[in-house]
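Q: Please take a close look at the charged side-chain pairs in this model. Where do the partners sit, and how exposed are they?

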Amino acid sequence: PELPLAAVLRAHPELHGTAFAVADAPGPRNRLIAVSPAARQVGVEVGLSAAQAQARAAGLTILPRCADLERAAQAALG
């Protein structure tokens, strides 16, 4: 379940320690599938829509899931 977060951090190391989340697709109605620890601390949870998450945490970075990044992260693990 943490693979989407690991994949994003591998591609965007500048997000380490920040409040960010991964959504199942781009757009405000799509659901979050992974949430960073910093985002959890400000009330963002898996299952929220991107719009709901933005309402809870101004400045939250939301990225769409990327299968290519996840495959690369999985390959790097093993």
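A: Glu 45 has a relative accessibility of 45% and therefore counts as partly exposed, because that class lies between the 20% and 50% limits. The model is a predicted one. The side chain of Glu 45 forms a salt bridge with that of Arg 56, at 3.7 Å from N to O. Glu 45 belongs to the loop between H2 and H3, while Arg 56 is part of helix H3 (residues 50–56), so the contact ties together parts eleven residues apart in sequence. Arg 56 is likewise partly exposed, at 44% relative accessible area.

This pair is one of the salt bridges, of which the structure holds four. Another joins the side chains of Arg 40 and Glu 2, with an N to O distance of 3.9 Å. Here distant parts of the chain are linked: Arg 40 lies in helix H2 (residues 37–41) and Glu 2 in the segment before H1, 38 residues apart. Arg 40 is partly exposed, with a relative accessible area of 46%, and Glu 2 is partly exposed at 44%.

A further salt bridge pairs the side chains of Arg 71 and Asp 68, at 2.3 Å from N to O. Both residues are in helix H4 (residues 67–77), three residues apart, which means that about one helical turn separates them. Arg 71 is exposed, with a relative accessible area of 51%, and Asp 68 is exposed at 52%; the cut-off for this class is over 50%.

Technical notes. Residues numbered from 1 in each chain as written. Predicted model: local features only at pLDDT ≥ 70, side-chain atom pairs only at ≥ 80, totals over all residues. Heavy atoms only, no water. Helix = DSSP H or I, 4+ residues; strand = E, 2+ residues; numbered from the N terminus. Buried < 20%, exposed > 50% of the residue type's maximum accessible area, 1.4 Å probe, protein only.
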